[in-house]
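Walk through this structure with the model open beside the text.

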Amino acid sequence: MVMITSSKGVNTLIEHEGIRLKAYLDSKGIPTIGVGTIRYPNGVRVKLGDKCTLAQAMTWLTKDLGQFEKVINRSVKVPLTQYQFDALADFVYNIGGYAFENSTLLKKLNRKDYDGAGRQFVVWTKQPELMGRRIRETNLFNKGVYP
């Protein structure tokens, strides 16, 4: 069954990513705009000085999120609850599809080790400021607790 992120999941993602209508450098130094967009729908990379409207930011979020939802739907071979899917959508939006497809989290999940998979979120905290987000993703995945 193909799943999509719920409205609660989208709101959680927006809360984690924030909305910025002027391009900025993210924690990795990548020019970013809107709700974590690094590449426009036409493939052009965001550059500092770019600006957007709220409507554009939300359109790009929908497109970007759709790509990550495809990665999750293609990669996960076990049943998920809506809140588990939402947690994964938030996580994959942040780390990228390739990293997720090669992660221990996905391997554990596809072995039906839901507890082990849930413990993997916090492994992805290269930047200390991500720890709160990873804990919230863990709580959402394990307990259905939306921030």
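A residue is called buried when its relative accessible area is under 20%, exposed when it is over 50%, and partly exposed in between, with a 1.4 Å probe and protein chains only. The model is predicted: local features need pLDDT of at least 70, side-chain atom pairs count only at pLDDT 80 or more, and totals for chains, interfaces and linings use all residues. Residues are numbered from 1 along each chain as its sequence is written, and side-chain values use heavy atoms, with hydrogens and water left out.

Start with R133. Its relative accessible area is 5%, so R133 is buried. Which charged partners does R133 meet? Salt bridges are the term needed here: a side-chain nitrogen of Lys or Arg within 4 Å of a carboxyl oxygen of Asp or Glu. The structure holds six of them. One joins the side chains of E17 and R133, at 2.9 Å from N to O. E17 sits in helix α1 and R133 in helix α7 (residues 131–143), so this pair ties together parts that are 116 residues apart in sequence. Helices here are DSSP runs of H or I with at least four residues, strands are runs of E with at least two, and both are numbered from the N terminus. E17 has 18% relative accessibility and therefore counts as buried.

A second bridge joins D90 and R133, at 3.0 Å from N to O. This pair also links distant parts of the chain, with D90 in helix α3 and R133 in helix α7, 43 residues apart. Both D90 and R133 are buried. A further bridge, between E137 and R133, spans 3.3 Å from N to O. E137 and R133 both lie in helix α7, four residues apart, about one turn of the helix. An α-helix has 3.6 residues a turn, so residues three or four places apart point the same way. E137 and R133 are both buried. Through shared partners, salt bridges join E17, D90, R133, R134 and E137 into one network.

Two packed helices are described by the angle between their axes and the distance between the axes. Helix α1 (residues 7–17) and helix α3 (residues 82–95) have axes that come within 9 Å and cross at roughly 35°. Axes are lines fitted to C-alpha atoms, for helices over the stretch in contact, and angles run from 0 to 180 degrees between N-to-C directions. On the α1 side, the contact is made by G9, T12, L13, H16 and E17; on the α3 side, by D86, D90, Y93 and N94. Contact means heavy atoms within 4.5 Å.

The buried residues of α1 are G9, T12, L13, I14, H16 and E17. Their cover includes β1, α2, α3 and α7. After α1 comes G18, with a positive phi near 80°.

Stay on α3 for A87. A87 has 0% relative accessibility, so A87 counts as buried. Leaving aside neighbours within four places in sequence, A87 is in contact with F121, E137, L140 and F141. The C-alpha atoms of A87 and T5 are 9.0 Å apart, although 82 residues separate the two along the chain.

Among the buried residues of α2 are W60, L61, L65, F68, V71 and I72, along with D64 and E69. The buried residues of α2 pack against α1, β1 (20–25), β2 (31–34), α3, α4 (97–101) and α5 (104–110).

Finish at the surface. K112 lies in the loop between α5 and α6 (114–120). With 58% relative accessibility, K112 counts as exposed. Most residues other than glycine have a negative phi. D115 lies in helix α6. At 56% relative accessibility, D115 counts as exposed. The C-alpha atoms of D115 and S7 are 25 Å apart, and the two are 108 residues apart along the chain.
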